[in-house]
Amino acid sequence: MKVKQFLETYRAAFDAFDADSIADLYHYPGLIASMDQSEALLTRDDAVKYFARVCDTHKRMGYHRALLLSSERA
(Lines give C-alpha, C1' and ligand atoms only; values in the text may rest on other atoms or scores of the structure.)
Protein backbone atom coordinates (compact mmCIF):
# COMPACT_ATOMS: atom_id res chain seq x y z
CA MET A 1 0.00 0.00 0.00
CA LYS A 2 1.41 3.40 -0.94
CA VAL A 3 1.58 6.19 1.63
CA LYS A 4 -1.28 8.25 0.17
CA GLN A 5 -3.52 5.16 0.02
CA PHE A 6 -2.62 4.33 3.64
CA LEU A 7 -3.46 7.86 4.79
CA GLU A 8 -6.76 7.83 2.89
CA THR A 9 -7.64 4.44 4.41
CA TYR A 10 -6.70 5.70 7.89
CA ARG A 11 -8.74 8.88 7.41
CA ALA A 12 -11.77 6.95 6.17
CA ALA A 13 -11.63 4.59 9.16
CA PHE A 14 -11.60 7.51 11.59
CA ASP A 15 -14.32 9.34 9.67
CA ALA A 16 -16.49 6.21 10.00
CA PHE A 17 -15.63 5.88 13.73
CA ASP A 18 -14.59 2.30 12.86
CA ALA A 19 -12.26 1.07 15.61
CA ASP A 20 -11.88 -2.33 13.92
CA SER A 21 -10.67 -0.80 10.66
CA ILE A 22 -8.31 1.56 12.48
CA ALA A 23 -6.85 -1.37 14.42
CA ASP A 24 -6.25 -3.23 11.15
CA LEU A 25 -3.76 -0.53 10.16
CA TYR A 26 -1.43 -1.21 13.11
CA HIS A 27 1.08 -3.94 13.95
CA TYR A 28 1.32 -5.59 17.36
CA PRO A 29 2.73 -5.20 19.85
CA GLY A 30 2.85 -1.45 19.48
CA LEU A 31 2.88 1.79 21.42
CA ILE A 32 0.69 4.80 20.80
CA ALA A 33 1.51 8.13 22.36
CA SER A 34 -0.16 11.51 22.59
CA MET A 35 0.84 14.71 24.35
CA ASP A 36 -0.59 13.54 27.68
CA GLN A 37 -0.38 9.74 27.67
CA SER A 38 1.00 6.62 26.07
CA GLU A 39 -0.49 3.18 25.88
CA ALA A 40 0.89 -0.22 24.93
CA LEU A 41 -1.21 -2.06 22.38
CA LEU A 42 -0.15 -5.66 22.88
CA THR A 43 -2.85 -7.21 20.72
CA ARG A 44 -5.33 -6.16 18.06
CA ASP A 45 -8.08 -6.48 20.69
CA ASP A 46 -6.25 -3.91 22.86
CA ALA A 47 -6.19 -1.57 19.86
CA VAL A 48 -9.88 -2.02 19.07
CA LYS A 49 -10.76 -1.12 22.66
CA TYR A 50 -8.39 1.86 22.63
CA PHE A 51 -9.65 3.21 19.30
CA ALA A 52 -13.27 2.68 20.33
CA ARG A 53 -12.59 5.07 23.23
CA VAL A 54 -10.86 7.51 20.87
CA CYS A 55 -13.79 7.35 18.43
CA ASP A 56 -16.28 7.95 21.24
CA THR A 57 -14.28 11.01 22.33
CA HIS A 58 -14.17 12.31 18.76
CA LYS A 59 -17.96 11.92 18.46
CA ARG A 60 -18.52 13.84 21.70
CA MET A 61 -16.18 16.61 20.48
CA GLY A 62 -18.12 16.94 17.24
CA TYR A 63 -15.47 15.48 14.92
CA HIS A 64 -16.83 15.10 11.39
CA ARG A 65 -13.96 14.31 9.04
CA ALA A 66 -10.26 14.67 8.48
CA LEU A 67 -8.63 16.34 5.49
CA LEU A 68 -5.41 15.37 3.78
CA LEU A 69 -4.04 18.86 3.14
CA SER A 70 -0.95 17.96 1.17
CA SER A 71 -0.06 14.76 -0.59
CA GLU A 72 2.92 15.92 -2.62
CA ARG A 73 5.24 13.39 -1.00
CA ALA A 74 2.59 10.73 -0.42
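Visitor: Among contacts in the chain between residues at least 6 apart in sequence, what share joins residues at least 24 apart?

Guide: Heads-up: this is a predicted model, where local features need pLDDT of at least 70, side-chain atom pairs count only at pLDDT 80 or more, and totals for chains, interfaces and linings use all residues. Residues are numbered from 1 along each chain as its sequence is written, and side-chain values use heavy atoms, with hydrogens and water left out. Contact means heavy atoms within 4.5 Å. Of the contacts between residues at least 6 apart, the share joining residues at least 24 apart is 47%.

Visitor: What pattern does the chain follow along the sequence?

Guide: Helices (H or I, at least four residues) and strands (E, at least two) are DSSP runs, numbered from the N terminus. The chain has three helices and two strands. Read along the sequence, they give α-α-β-β-α.

Visitor: Why is the F17 and Y63 pair classed the way it is?

Guide: Rings of Phe, Tyr and Trp (its six-membered ring) pair if their centres lie within 6.5 Å; planes under 30 degrees apart are stacked, over 60 edge-to-face, the rest tilted. The structure holds seven such pairs. Here the centres are 5.9 Å apart and the planes sit at 75°, so F17 and Y63 are edge-to-face.

Visitor: Is F51 buried or exposed?

Guide: F51 forms a tilted pair with Y26, 5.1 Å centre to centre and 40° between planes. Y26 is partly exposed at 24% relative accessible area. At 1%, F51 is buried.

Visitor: Which residue's side chain has a 2.7 Å polar contact with that of Y10?

Guide: A polar contact is a pair of N or O atoms within 3.5 Å; within protein, one must be able to donate a hydrogen and the other to accept it, and residues adjacent in sequence count only if both atoms are side-chain atoms. Y10 is in helix α1. Leaving aside neighbours within four places in sequence, Y10 touches I22, L25 and Y26. The 2.7 Å partner is Y26.

Terms used. Buried < 20%, exposed > 50% of the residue type's maximum accessible area, 1.4 Å probe, protein only.
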